[in-house]
Amino acid sequence: MITAIVLIKTSVDRIPEIAESIAALDSVSEVFSVTGTYDLIAMVRVRAHDELAEVIPGRISKIPGVEATDTHVAFRTYSQHDLEAAFAIGLDG
């Protein structure tokens with residue numbers, strides 16, 4: 001699974017509506033409304049790199065009110081969730 005973190009600048013007066021439209025896309029797992037230079041951050045998860053082009057410039061960038069995107073592709077994912085699952089292996093009774 002390939003994870004991309006997409007930083008999104010939007011029309012400020014439409015942030016909630018734009019966030020909901022992005023969140024409704026199939027490959028988008030989460031959308032965060034944030035402070036700072038960008039208005040939204042979307043987590044995009046796809047199986048192949050080619051799909052990133054379909055999702056980000058092909059769908060996210062075409063949503064009315066999306067002004068710019070800045071995409072970062074993750075090399076690896078580290079999470080507390082993964083660590084807890086690994087340590088729990090073999091602890092069933």
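Which residues does I56 touch, not counting residues up to four places away in sequence? I opened my notebook with that one, and I kept in mind that the model is predicted.

**Entry 1: I56**

I found that I56 touches A4, V6, S61, T69 and T71, leaving aside residues up to four places away in sequence. I located I56 in the loop between α2 (49-55) and β4 (66-73). I then looked up its accessibility: I56 counts as buried because its relative accessibility is 4%, and the cut-off for buried is under 20%. I also checked I56 against A42: the two are 14 residues apart in sequence, and their C-alpha atoms are 9.8 Å apart in space.

**Entry 2: the sheet**

Next I traced the strands. I see an open sheet of four strands in the order β2-β3-β1-β4, with antiparallel pairing. β2 and β4 stand at the edges with a single partner strand each, so one side of each has no neighbour in the sheet. On average, neighbouring strands here are turned by 20° against each other, direction ignored.

**Entry 3: β3 and its partners**

I moved on to β3 (residues 40-46). Five of its seven residues are buried, so the rest of the structure largely encloses this strand. I noted seven bridges joining β1 to β3, and these strands run antiparallel. Across that pairing, L7 stands opposite I41 of β3.

With β2 (residues 28-33), I noted five bridges to β3, again in an antiparallel run. V31 has A42 in β3 as its bridge partner, and S33 has L40. I looked at the turn of this hairpin too: there are six residues between β2 and β3, and G36 takes a positive phi near 110°.

**Entry 4: T10**

Is T10 buried or exposed? I get a relative accessibility of 3%, so T10 counts as buried. T10 is placed in strand β1 (residues 2-10). Leaving out residues up to four places away in sequence, I list its contacts as I15, I18, D39, L40, G65, V66 and E67.

**Entry 5: helix α1**

I followed helix α1 (residues 15-23) and saw that it lies across β1, β2, β3 and β4. Against β2, helix α1 runs at about 165°.

**Entry 6: rings**

How many aromatic pairs does a search of the whole structure find? I got zero. I did come across a charge over a ring, though: the charged end of K9 sits over the ring of Y38, 5.5 Å from the ring centre.

Note on methods: Residues are numbered from 1 along each chain as its sequence is written. This is a predicted model: local features need pLDDT of at least 70, side-chain atom pairs count only at pLDDT 80 or more; totals for chains, interfaces and linings use all residues. Side-chain values use heavy atoms; hydrogens and water are left out. Helices (H or I, at least four residues) and strands (E, at least two) are DSSP runs, numbered from the N terminus. Buried means under 20% relative accessible area, exposed over 50%, partly exposed in between (1.4 Å probe, protein chains only). Contact means heavy atoms within 4.5 Å. Rings of Phe, Tyr and Trp (its six-membered ring) pair if their centres lie within 6.5 Å; planes under 30 degrees apart count as stacked, over 60 as edge-to-face and the rest as tilted. A charge sits over a ring if NZ of Lys or CZ of Arg is within 6 Å of the ring centre and within 35 degrees of the ring normal. Two strands pair if DSSP finds at least two bridges between them. Axes are lines fitted to C-alpha atoms, for helices over the stretch in contact, and angles run from 0 to 180 degrees between N-to-C directions.
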